[in-house]
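Dear colleague,

Please find below the structure that I am handing over to you, with its sequence. My findings follow directly after it.

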Amino acid sequence: MRTDFLWLALAALAVAVPPGLAQNAEQVKPVFQHALPNAEGKSMVAVVVTYPPGAKSPAHHHAGSAFIYAYVLSGAIRSQVDDQPAKVFRAGESFYEPPGAHHRISENASDKAPASLLAVFVVDSKDTPLTIPDPK
């Protein structure tokens, strides 16, 4: 069951990108998934999001129950959640997204160097998909 959830989470995080834009898209790699034994019905899912130079994610929401903690591993990430001002977070800095937040901007702040972050979701185990791109 845990493996099924991991594959479902991976599929939910993947965003279809036209081939011509693939070099400007983020790459999402699942690194951890586990049910929380002291919080029935909740799971923790962690992914590493890697942005090539100049790459960005489409504006999106996450699963309604998802609390997300993001830690910048390398480079610099520009982020805007809800109506807060956009801010650049550098390696070693972090931010969070409360359940129901709208992630308006998530992008590499550099057009010359790659950047990456670790995103940790605490989410209802049955709440999928984890990432929902805004309608175009």
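Strand S5 supplies the largest share of the nonpolar patch, four residues; strands, like helices, are DSSP runs numbered from the N terminus (E, at least two residues, for strands; H or I, at least four, for helices). The patch covers about 480 Å² of surface and is made by Phe67, Tyr69, Tyr71, Leu73 and Tyr96. Patch residues have over 30% relative accessible area and no salt bridge, like charges being joined within 9 Å and nonpolar side chains (Val, Leu, Ile, Met, Phe, Trp, Tyr) within 5 Å. A salt bridge requires a side-chain nitrogen of Lys or Arg within 4 Å of a carboxyl oxygen of Asp or Glu, and areas follow the Shrake-Rupley method with a 1.4 Å probe, only the protein chains shown counting as cover for residues.

The model is predicted: local features need pLDDT of at least 70 and side-chain atom pairs pLDDT 80 or more, whereas totals for chains, interfaces and linings use all residues. Residues are numbered from 1 along each chain as its sequence is written, and side-chain values use heavy atoms, without hydrogens and water.

The strands form an open sheet of five in the order S1-S2-S10-S5-S8, with antiparallel pairing (two strands pair if DSSP finds at least two bridges between them). Its edge strands, S1 (27-35) and S8 (94-97), each pair on one side only. Four bridges join S5 (residues 67-74) to S8, and Ile68 stands opposite Glu97 in S8. Eight bridges link S1 to S2 (residues 42-51), with Val28 opposite Val49.

Yours sincerely
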